[in-house]
Amino acid sequence: MTELLAFIASHRAEMATRLGEHVVLVAASTAIAAAVGIPLGILAARRPSLSRPIVGLANLAQTIPSLALFGFLIPLPLIGGIGTRTALVALTVYAVLPILRSTITGLQGVPPAVVECAVAMGLTPRQVLRQVEWPLALPSIVSGLRVAVVIGVGTATIASAIGAGGLGDYIFRGLAMVDATVILAGALPAALLALAADAALAAAGHLADARRRSGRHVAVLAVVALLAAAAVWSGRATAGRADLVVGSKNFTEQVVLGELLAQALERRGLTVDRRLNLGGTAIAHEALLSGGIDVYVEYTGTSLTAIFNEPPSADSDAVFQTVRERYAALGVTLMPRLGFNNTFAILVRSEDAKRLGMKTVSDLAGMVRLKADATLTRADAPWRAGFGYEFLERPDGFKGLSAAYGLSFAAAPRVMDLNLIYRALAAGEIDVTAGDATSGLIESLGLAVLEDDRRYFPVYDASPVARASVLLQYPVAAEAIRSLAGRISAADMRRLNFAVDGEKQDPAVVVRAFLDRP
Amino acid sequence: MPGPAVQFAEVSASRGGRPVLHHVSMTVNHGQTVALVGRSGSGKTTLLRLVNRLLDPDAGDVLVDGKNTRDWDPIALRRRTGYVIQDAGLFPHVTVGDNLATVPRLLAWPATRVSVRVDALLNLVGLEPAVFRDRWPDELSGGQRQRAGLARALAADPPLLLMDEPFGALDPITKGELHAEFLRVQGALHRSVILVTHDMAEACALADQIAVLHDGELIACDTPANVRASDDPRVRALMGIVRLKADAS
């Protein structure tokens, strides 16, 4: 709890922005859904033959899982892409059903005798609706709005996966960092927001109670004004776009690198929109192509294998050339590499590395062989290895590694959970493992990376990718991105990651300090 | 006036595809109260709903003031035709005063005239304006609701009044009070009234003419005294209930 409060305190400004985005998303989508759902509901209540298909369609839309719906929407023109607009479309789809249903239920609940009297008194159909049916159905409609808003607050957290911002940013960031505090920083305000919105609408509904005629118009006007303001605000938020939109995928290193790009651009006087925490390589790439984002940091090996479906390669320059050409064909420019390679790293305890003078994997292979012989004469224990399941199984994992370096252990390597291997190594349960070259835990746990001197592992050089048109439009942006070339070593990246993951610092603060470094 | 208040000429009608009325012909003169009597399903309510075009006939004509209802603008026709149903059908979401003001406001009367009219109507049906004007319909007793419903139907001073079992849901004492009230109001206003009831005693007490419907056919239409003297067994069956009641009391 104190951690959560500390996190909230240190992220006040950002949280206010995210909360604002969240409120706008929900309010605007509910407003649109009401504008669609209420007239549809009236139509369906009037014509029972239309009621079945309308409600059926809304029901169907409701059953699409939200992530899948976002996935469907991304490639669509006009309503698709990434960002606020797509999120609004998806949230609206979800909000329509409860509003539609409650409108139908409310209208069907009006006593037929009352409607008959109204008709017989000479009210026109429009007057019957406005003076009799609408006020009598309003409590039901308000309850539908409440349901829609509560669903919307929950679903809007998922909108973060397509770069619409909102409190979901913290939930996804927290999931990526396996940090419950950050998850709570998103989930708790979202839950409170849902409760508050529900209570506010309940109060508005109470005011709208037919018995308080003076309050009724005030309440309805207030709700309409609020929703309209939110819709306008969200319209302006999408219209009043910054010079550039910076994206990132949804793990700590990506968020740090996105922040790094953003601050580098801002230092050259450009305005930047941040779409950090996008839901993965495919979404980030799609967003770049569709113009939802203008620049993000990708890894050359990931582009080669995941985007362009080529086999992996360990040749840094060759991969860079290939990927650069493939991107160019898509109107995307691969910018100079930042200076580190986020690939597998063979790790040992640094005290062992120092004591035994090991710098490379070849050194390690020699040591292992030596010790395997030495065990015949000395009481020293043999080297014990432990790896993640995937690394053990993949042909380009342990099998290839041991072939490339002639590395063989006395005992078969242990299979371990990826999240535990660093601590197991530090605690002396194993002596060697394969980890992530930029993991923040390496330095903080006193581990050392052995150089892949035979270039066995494929390269994953971090390299910004940007829309060529934007670079032409803003030459200063190209300059800013180029200025980062070669500036971040693997050790730098590990420190940055640790500052965020291990020390719970705000990525923006960590990056600012890094850029201020002489 | 160019013709009788209401005239049915060879009218046949159906509801939900089922024939309900067969060749009904009868006349309601101005200032007369005609009671439509018959068992449930005999077609009384259907005949009533033809008058203000809640329904149109399949065949035959309904004339209001000599003009075929098909030629009347339904909205204009309904605004000059008062309508009262069982349990009054008051709008539950507005006050008694606002219920009464509905049609005058639709007719765009000035606010002061509406408010004067509402108070006059409440006085007319025996509801103290200061007490009842701002009450909600569900705060009224059944009898008070029915009085308010009658007042609402009279609001825009319609020459014609349609009443569908208006006193059906009331206890006998309240019903008796309201009968007296109705006769007093009608004695003052002389509206043309069509009153649907299944209660022959009520019909005898309130109506100038009694029309008896049986399976969608008009089998009698005469003064209460003559209907009472009818030897048609179907009419006598309806009267029988009255006799039994009279014997019991």
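**Strand pairs in chains A and B**

Okay, let's start with one pair of residues: in chain A, A:Ile346 sits opposite A:Leu450, which belongs to strand β9. Keep in mind that this is a predicted model.

So which strands are we looking at here? Strand β5 of chain A, residues 344-349, pairs with β9(A) in the antiparallel sense, and the pairing has four bridges.

Now stay with β9 of chain A, residues 447-450, and look at where the side chains go. In a regular strand, side chains alternate between the two faces of the sheet. You can follow that here: A:Leu447 and A:Val449 point to one face and are buried.

How far can we trust chain A? Its mean pLDDT is 85, with 90% of its residues at 70 or more. There's a stretch to be careful with, though: over residues 375-379 of chain A, pLDDT stays under 50. For that stretch the model has two contacts beyond four places in sequence.

β4(B) has another antiparallel neighbour, strand β5 of chain B, residues 67-68, joined to β4(B) by two bridges. There, B:Val64 has B:Lys67 as its bridge partner.

And what do β4(B) and β5(B) form together? A hairpin, with two residues between the strands. In the turn you'll find B:Asp65, which has a positive phi of about 55°.

Notes:
Residues numbered from 1 in each chain as written. Chains lettered and ligands numbered in written order. Predicted model: local features only at pLDDT ≥ 70, side-chain atom pairs only at ≥ 80, totals over all residues. Buried ≥ 20, exposed ≤ 12 C-beta atoms within 10 Å, placed from the backbone. Pairing = 2+ DSSP bridges. pLDDT = per-residue confidence, 0-100. Contact = placed C-beta atoms within 7 Å.
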